Amino acid sequence: GIERFNVLAIEGNPKDESSIARNRGLRGFMKHLKEVNSFKIVAGNWNRIRAQEIFLSYYKTRPDVNIVWCANDNMAVGVVKAIKELGLKEKIVVGGVDWNKAAQEAILNGGMHVSVGGHFLDGAWAAVLLYDYLNGIDFANESLQFESPMVGITRANLKRFSAFLALDRQSLNFRLFSKALNQQQKLYSFDLHAIANMLTPQKISADLTEA
């Protein structure tokens, strides 16, 4: 619903590889947009209070800011608090990365719009690849580099992912993603949507309601 974009981007620590990669992705996407009026990147060092201060300061000089991109959810939640403190009625879209609990609550309450996540499962995907390798299936046949499958959670799909986010990760059956244990599987599919489908409330336990 926004016609012209006035973007404030709050990166993490500029020296951290994760911050550098997320910053690179942001810049790569932004350069293709024609609707951008203003674009500013400021280092927030992953800190919630620092991000809050950055937004309050930036808003004084750019009250037309309408999109705030944050390199993690912690900073995004700080921005949401700053917006609430100012009592702003204008539509400001706030997004972060990590799928953390505070961000989920902020999305549910309408203060935050999106959290991108799923990368916390990288260790599990690595374990699947190593298990298969040790059982005679070399992942090099497919790739030597696997990108984190990530999904943006909004109010529209938060309900779908809520069971997945609340569940103990160790109880997930990652055997389903192994080529060695599933002979019919030709390619790796580390699909978060597939996991969410596996974890509908009915499948978790007949004793649990959807709520």
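Is Y133 buried, exposed or partly exposed? I looked up its relative accessibility in this predicted model. The value is 45%, so Y133 counts as partly exposed. The cut-offs explain the label, because buried means under 20% and exposed means over 50%.

**Aromatic pairs**

I ran a search of the whole structure for aromatic pairs and noted eight. One of them joins Y133 and F139. I read 6.0 Å centre to centre and 50° between the planes, and I logged the pair as tilted. The tilted label follows because planes under 30 degrees apart count as stacked and those over 60 as edge-to-face. I also noted one aromatic cluster, formed by W125, F174, F177, Y188 and F190.

**Chain overview**

I counted eight helices and six strands in the chain. I then wrote down their order from the N terminus: β-α-β-α-β-α-β-α-β-α-β-α-α-α. The chain has 211 residues, and 41% of them count as buried.

**Strand pairing**

I started with β1. It pairs with β2, residues 36–43, in the parallel sense. I logged seven bridges for β1 and β2. In this pairing, V7 has F39 of β2 as its bridge partner. I followed the chain from β1 through α1 to β2 and recorded a right-handed β-α-β crossover.

Next I checked β1 against β3. These two strands are also parallel, with four bridges. Here V7 stands opposite I67 of β3.

I moved on from I67 to β4. The bridge partner of I67 there is V93. β3 and β4 run parallel and are joined by three bridges. With α3, residues 73–86, these two strands make a right-handed β-α-β unit.

**Faces of β3**

Which residues of β3 point one way, and which the other? I67 and W69 point one way, V68 and C70 the other. I noted all four as buried.

**Largest pocket**

I looked up the largest pocket and noted a volume of about 810 Å³. How many residues line it? I found 30 in the lining. Nearest the centre of the pocket lie R22, L26, W69, V97 and V116. I listed the elements that give two or more residues to the lining: β1 (5–11), α1 (17–30), β3 (67–70), β4 (93–97) and β5 (114–117). The largest share comes from α1, with eight residues. By residue type, I sorted the lining into 19 nonpolar, seven polar and four charged.

Two elements come up again here. α1, the helix of the crossover between β1 and β2, gives the lining its largest share. W69 of β3 is buried, and it is one of the residues nearest the pocket centre.

**G118**

Where is G118 found? I placed G118 in the loop between β5 and α5 (122–134). Is G118 buried or exposed? I read a relative accessible area of 0%, so G118 is buried. I then looked up its C-alpha separation from V151.

Definitions and conventions. Residues numbered from 1 in each chain as written. Predicted model: local features only at pLDDT ≥ 70, side-chain atom pairs only at ≥ 80, totals over all residues. Heavy atoms only, no water. 1 Å grid on protein atoms, 1.4 Å probe; cavity = no way out; pocket = protein on both sides within 12 Å on 5 of 7 lines; lining within 4 Å. Points joined across faces, edges and corners; volume = space filled by probe spheres on them. Nonpolar A, V, L, I, M, F, W, Y, C, P; charged D, E, K, R; others polar. Phe/Tyr/Trp six-rings, centres within 6.5 Å; stacked < 30°, edge-to-face > 60°. Buried < 20%, exposed > 50% of the residue type's maximum accessible area, 1.4 Å probe, protein only. Pairing = 2+ DSSP bridges. Right-handed = clockwise from strand over helix to strand, strands pointing away.
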